[in-house]
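Trainee: I'd like to work through this model with you, one question at a time. Can we start once it's up on the screen?

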Amino acid sequence: MTRYALRVSALAAALGLWQLLTSLNVDLWLRFSQFPTVADVARAFADRVTGPDYWTDLTDSLTRILTGFLLAAVLGVATGVLVARSRLAEDLLGPVLEVIRPIPAIALVPVAILLFPSNEQGIVFITCTAAFFPVLVSTRHAVRALTPVWEEAVLTMGGGRWRILGSVVLPGALPGIFGGLSVGIGVSWICVISAEMISGQYGVGYRTWQDYTVVDYPGVFVGMVTIGVLGWVTSTLVELLGRRLTRWLPRTSYVPGARPRTPRAAAASAAPVLTKTEAEEARDEHLV
């Protein structure tokens, strides 16, 4: 409860500082006089929520994100496992993927407009591409980092390739895979908003850009707050799903302000103190 109260207090302090700087029209180096106040954004947000366009934009953006992200999750995990496990796949797909990976997904907007017959398909394509490469890279590294002892154990007990894939590769790589998924969902929100600004007709990004063109700055901040909250909620859901599916992993306990104890030090402190005679007897018994 103390930590939650501290987080709420930090958020309230940030909002209070924003309100103070904008209401006093502070212009030192940053021009806070150009910013809307927290009260202005709150009023604009209340007006938007009561209208139908806000929920239509929200539904469209979530549909695009979920469609593109799910496609990227399936394709990214499959491609990452294939490239990590097959030298032939790495030789054939690796160079092409490494050339395309540094290209920003937003730079693919003209390609999407020319390639796909509708803007919706193009936006989903951009969202999928943005999330695909973080998932691919994380999966590839996670699979390559697996110890070969587990695979050898399955082979010793008569298991085949599919058994190794289902019992060793995918479960062992899950922490790395969900790390890539958590990064991918955030990148997807960045790119889907940018794509909506350029080629969309509805959506949070499209509405934010429209507010900017008509100089409705409180509406712009409403869109920014909505994007931030949606990104935080979706990334939190991905993280919770990852924790749910990796319950078998050991969890480290965190105690603020305390120095972590190594297993050797913990064992030494837990061991009983022996006298010199008892230590000699224990050593002789060990030798025998």
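Trainee: In what order do the elements of the protein chain run from the N terminus on?
Mentor: Keep in mind that this is a predicted model. The secondary structure of the chain comes to 12 helices and 0 strands. Reading from the N terminus, the order is α-α-α-α-α-α-α-α-α-α-α-α.

Trainee: What share of the residues in the protein chain is buried?
Mentor: To count as buried, a residue needs a relative accessible area under 20%. The chain has 288 residues, and the buried part of them comes to 32%.

Trainee: Are H1 and H2 roughly parallel or roughly perpendicular to each other?
Mentor: Helix H1 covers residues 2–23 and helix H2 residues 38–49, and their axes lie 8 Å apart. They pack at an angle of about 110°. Angles of 65 to 115 degrees fall in one class, and therefore H1 and H2 are roughly perpendicular.

Trainee: And how many residues of that contact of H1 with H2 are charged?
Mentor: On the H1 side you'll find Leu-15, Trp-18, Gln-19 and Thr-22, and they meet Val-38, Ala-39 and Val-41 in H2. Sort them by type and you get 5 nonpolar and 2 polar, which leaves the charged ones: none, or in a word, no charged residues.

Trainee: Is the crossing of H3 and H10 left-handed or right-handed, by the way?
Mentor: Look at where they touch: Tyr-54, Leu-58, Leu-62 and Phe-69 of H3 make the contact with Val-222, Thr-226, Leu-230 and Val-238 of H10. Those residues split into 7 nonpolar, 1 polar and no charged. As for the hand of the H3 and H10 crossing, it's right-handed.

Trainee: Let's zoom in on one residue. Is Leu-136 buried or exposed?
Mentor: Leu-136 lies in helix H6, residues 119–144. Setting aside neighbours within four places in sequence, Leu-136 is in contact with Gly-76, Thr-79, Gly-80 and Leu-97. Its relative accessibility is 4%, so Leu-136 counts as buried.

Trainee: How many Å apart in space are Leu-136 and Val-81, C-alpha to C-alpha?
Mentor: Along the sequence, Leu-136 and Val-81 are 55 residues apart. In space, going from C-alpha to C-alpha, the distance between Leu-136 and Val-81 is 8.3 Å.

Notes
Residues numbered from 1 in each chain as written. Predicted model: local features only at pLDDT ≥ 70, side-chain atom pairs only at ≥ 80, totals over all residues. Heavy atoms only, no water. Left-handed = near helix turned anticlockwise from the far one by under 90°. Helix = DSSP H or I, 4+ residues; strand = E, 2+ residues; numbered from the N terminus. Contact = heavy atoms within 4.5 Å. Nonpolar A, V, L, I, M, F, W, Y, C, P; charged D, E, K, R; others polar. Buried < 20%, exposed > 50% of the residue type's maximum accessible area, 1.4 Å probe, protein only. Axes fitted to C-alpha atoms, helices over the stretch in contact; angles between N-to-C directions. Parallel < 35°, antiparallel > 145°, perpendicular 65-115°, else oblique.
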